[in-house]
Amino acid sequence: MSDQRFVLAGVMGWPVAHSRSPVIHNHWIAKYGLKGSYVQLPVQPERLEDALRGLKALGFAGCNVTVPHKVRAMELMDELHPIARRMKAINTIVVREDGSLYGMNNDGAGYVQSLRDADPAWRGDAGPVLMLGAGGAARAIVVALLEEGAPEIRITNRSRDKAEALAQEFGPKVTVVDWARRNEAMDGVALLVNATTQGMHGQGPLDVQLDALPRSAMVSDAIYIPLETPLLANARARGHRTVNGLGMLLNQARPAFKAWFGVMPDITPELRAAIQATF
Ligand code: NAP
């Protein structure tokens, strides 16, 4: 009998059934021959604190947190990774030996890695970025792109006040463009990012025109269902390099798995196929 410990982890959200994280982590548990399981943890917002405090008692190594818990869970951590503090949200919790909770946010780094996976020569300082959206995903990506040396990030959002708040917080490299001027703002951009919900399965397409976007620009979408949003299909037809949101999802999971299970896992075609089989 092996003395290898059985490791438990999971994803806490409300609802949580849509999350692809169990597929990812259980695929890796099987692939690396580990003893453990990654489970769904449906937790109502008013029970979040109780649920987090219960992780240690239940023997969890940690968990992911997803909508709507990412901000509130951060406030309940005993210690935060500095990047998570800048992002004002967490997506990963590690339960330490003494029972204290350590919060991280791997979404932004996962996003950046997905661009590098698509184009190893990608550089954050290649030119201006146009960010569509100013919600949680946009904030994480803005922080990560600033870390990568982005010289200018133009943020445009349907509700201008949220874009203004990000610009105020992150200083002069981050500017606000009125949503009505989003198409003109593509002029001179090296990277276009969609971090709105528009284009997602069940939502309308994102209403943008790419005419002003330089052909050299990379176009990325945080959405991964569908893998190719109407925005990415348009961009591909114009000859742009395109990156979908699946790489962000898979890459954010790697350091979390390492923290809980002790193995830095690989992203393989088999894993991508396992996820795509759930779409
Ligand atoms: P969020 O915080 O709720 O933000 C939603 C954003 O979409 C806001 O900027 C919102 O603008 C905008 N929006 C909503 N409806 C719109 C419309 N009709 N027209 C224009 N803009 C609209 O959500 P989030 O967590 O940032 O998620 C955003 C997207 O990123 C989702 O599609 C999500 O699936 C994806 N995501 C992917 C990953 C990954 O790993 N690939 C991780 C996280 C999120 P207002 O401020 O005006 O409401």
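Predicted model: local features only at pLDDT ≥ 70, side-chain atom pairs only at ≥ 80, totals over all residues.
Two packed helices are described by the angle between their axes and the distance between the axes. In this model, the axes of helix 6 (residues 136-147) and helix 7 (residues 160-170) cross at roughly 30 degrees and come within 12 Å. Because angles under 35 degrees count as roughly parallel, helix 6 and helix 7 are therefore roughly parallel to each other. The crossing of helix 6 past helix 7 is right-handed. On the side of helix 6, the contact is formed by Arg139, Val142, Val143 and Leu146, and on the side of helix 7 by Leu166, Glu169 and Phe170. By class, the residues of this contact comprise 5 nonpolar and 2 charged, with no polar residue.

Helix 6 also takes part in the largest pocket, supplying at least two residues of the lining, as do strand 3 (60-65), helix 3 (70-75) and helix 9 (246-261). The space in this pocket amounts to about 1,600 Å³. Its lining consists of 50 residues, and those nearest the centre of the pocket are Val67, Lys70, Ala137, Thr197 and Met200. The lining of the largest pocket is made up of 22 nonpolar, 19 polar and 9 charged residues.

The model contains 1 cavity of 30 Å³ or more. The largest cavity holds about 40 Å³ of space and is lined by Trp122, Arg123, Gly124, Ala126, Gly127, Val129, Ala190 and Leu191. Of the residues in this lining, 5 are nonpolar, 2 polar and 1 charged.

Technical notes:
Residues numbered from 1 in each chain as written. Heavy atoms only, no water. 1 Å grid on protein atoms, 1.4 Å probe; cavity = no way out; pocket = protein on both sides within 12 Å on 5 of 7 lines; lining within 4 Å. Points joined across faces, edges and corners; volume = space filled by probe spheres on them. Nonpolar A, V, L, I, M, F, W, Y, C, P; charged D, E, K, R; others polar. Axes fitted to C-alpha atoms, helices over the stretch in contact; angles between N-to-C directions. Helix = DSSP H or I, 4+ residues; strand = E, 2+ residues; numbered from the N terminus. Parallel < 35°, antiparallel > 145°, perpendicular 65-115°, else oblique. Left-handed = near helix turned anticlockwise from the far one by under 90°. Contact = heavy atoms within 4.5 Å.
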